[in-house]
Amino acid sequence: MRKRNAGHPRRIDAPITLPPSLEVLLGEEAPLLKAALESPSPVSIRNNPLKGGHLPGVVVPWCAHGRYLDERPVFTLDPHLHGGGYYVQEAGSMLLEQALLASGLLEHDILALDLCAAPGGKSTHLASLMSPGSMLIANETVPQRRLVLAENLWKHGRAATAIGRGQPERFAELDGMFDLIVVDAPCSGEGMFRKDPFARQQWSEGLVRNCALLQSSILASAWQALEPGGVLIYSTCTWERRENEEQVLRLIADREARPIHLPIRPEWGVQATDAGYRCYPHRVKGEGFFLSVLRKPGERVGHLGTSSAAAPLPAELAGLVHRPEEFALMMHQDLPHVVPLRWINAVDRLFGAGLLQHPGIPLAERKGDAWRPHAAWALSTALRNEAFPTLDLDRKAALDYLRGAALNASDAQGVRLVRHEGSALGWVQGAGNRWNNRWPEAWRIRMR
């Protein structure tokens, strides 16, 4: 069962054989797809508009900040990747942008849930697109994958985000809470056949059946958690109708879901079907992808409002935050988290139900009797620029820092914010003749 992996796929020598159902579905186009799957994958990234973006290239036509690159650089050795300047993502899945544009929700401040969020491609894209006053809950049930999700979302830098840890059925218990829900569902992974040989080896009819059952269950919970008038975006990286159109058609028939049409241009190569949109590598410069957008019947109300119990930021922490009056403080696991004040009621409810791992962005952590800024806060766009002196590093020094090395110095004191070409990376702590490294060990570069 495939969900885009945050790491490198397991390399297995498996030949490309199209599933029989796909051969039948494509007919005369099947050889064209197979030829495309046997060719090199295109390289694409999505620049982060919150941080200016850093990589030039040919524009992905359906994504304003998506770029095709002529060749694949060594992303691991680019400090701007680690600072959240861009996200490496296949182009087909960037169709999410067209779904958001067609939903009409980008004009409103909304509460959004990315239900199956790791490793964070959809979440960081949502975080780039939503209005500044919106709040995103990025949810992942698997602890190890949740760590990767948090890293990617924190590096992206949007402050109005939280990391969830709940099973889909737990969100359903909240009954109509979210204006927008994205379900990028676990699937049989046919669309990853080119990039991931393991996806080819694991494919079977049994896997398709199991995935379809799981997807149906997830969608039922997501629909329950969606507010009347809200929008559900459903996607997979497979081409199986049982996992795609049949799932959507069931919601249309049983739940009166209303499909939302996307303004797809013919030259993009995206194929419209009876219940969604498909990307095939022989038609689209990207991998395999399916997307459908549905609106729930009813009128959207929204969930804004603050709580009189919201704790203001204490003076020793407020100085770290740009516009501290717009945020409240929530403590969890001895970490103060910064939460947008206008969404504190919603976050309180989710937190009280045990559905959040991080109710906001961690601001600081205790070191003895003092606070020191958290790694996530160095990367947040809500960091007050004047809060700390900076230490600007060239590329070589920045890579040494990202590998965890201490930096030579003379009379190094206090805390400094490490930057590379104007982009914030993390913290160092002065220790006389060196700056001690506070880049998280789990995030460090292992490549030499």
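## Close-up views of a predicted model

**View 1. Strand E1 and its two partners.** Val43, Ile45 and Asn47 point to one side of E1 while Ser44 and Arg46 point to the other, and all are buried (buried means under 20% relative accessible area, exposed over 50% and partly exposed in between, with a 1.4 Å probe and protein chains only). Strand E1 covers residues 43-47, and five of its five residues are buried. Helices (H or I, at least four residues) and strands (E, at least two) are DSSP runs numbered from the N terminus. E1 pairs in the antiparallel sense with strand E3 (residues 66-69) over four bridges, where two strands pair if DSSP finds at least two bridges between them. Look for Ile45, which stands opposite Arg67 in E3. Strand E4 (residues 86-88) also pairs with E1 in the antiparallel sense, over three bridges, and there Tyr87 is the bridge partner of Arg46.

A word on the model before we go on: it is predicted, so local features need pLDDT of at least 70 and side-chain atom pairs count only at pLDDT 80 or more, while totals for chains, interfaces and linings use all residues. Residues are numbered from 1 along each chain as its sequence is written, and side-chain values use heavy atoms, with hydrogens and water left out.

**View 2. Strand E7, covered on both faces.** In a regular strand the side chains alternate between the two faces of the sheet. In strand E7 (residues 161-164), Thr161 and Ile163 lie on one side and Ala162 and Gly164 on the other, and all are buried. Strand E6 (residues 135-139) runs parallel to E7 and is joined to E7 by four bridges.

**View 3. Helices H5 and H6 side by side.** Helix H5 (residues 121-129) packs against helix H6 (residues 143-156) at an angle of about 25°, with the axes 9 Å apart. Axes are lines fitted to C-alpha atoms, for helices over the stretch in contact, and angles run from 0 to 180 degrees between N-to-C directions. That angle makes H5 roughly parallel to H6 (under 35 degrees counts as roughly parallel, over 145 as roughly antiparallel, 65 to 115 as roughly perpendicular and the rest as oblique). The contact brings together Ser123, Thr124, Ala127 and Ser128 of H5 with Leu149, Asn152, Leu153 and His156 of H6; contact here means heavy atoms within 4.5 Å. By class, the contact of H5 with H6 has three nonpolar, five polar and no charged residues. Ala, Val, Leu, Ile, Met, Phe, Trp, Tyr, Cys and Pro count as nonpolar, Asp, Glu, Lys and Arg as charged, and the others, Gly among them, as polar.

**View 4. Helix H4 crossing H5.** The axes of helix H4 (residues 96-103) and H5 come within 10 Å and cross at roughly 40°, which makes H4 oblique to H5. On the H4 side, Leu96, Glu97 and Leu100 meet Lys122, His125, Leu126 and Leu129 in H5. The residues of this contact divide into four nonpolar, one polar and two charged.

**View 5. A three-stranded antiparallel sheet.** Three strands form an open sheet in the order E14-E15-E17, with antiparallel pairing. Strand E14 (327-332) and strand E17 (361-362) are the edge strands, each pairing on one side only. Two bridges join strand E15 (residues 335-340) to E17, and Val338 stands opposite Ile361 in E17. Helix H12 (residues 344-352) lies across E14 and E15, running at about 10° to E14.

View 6. Five strands form an open sheet in the order E20-E22-E23-E24-E21, and the pairing is mixed. Strand E20 (390-393) and strand E21 (407-412) stand at the edges with a single partner strand each, so one side of each is left without a neighbour in the sheet. From one strand to the next, the twist averages 40°. Helix H14 (residues 395-402) packs on the sheet and touches E20, E21, strand E22 (415-420), E23 and E24, with its direction at about 65° to that of E23. Within the sheet, strand E23 (residues 423-430) and strand E24 (residues 432-437) run antiparallel, joined by three bridges. Here Gly430 stands opposite Trp435 in E24.
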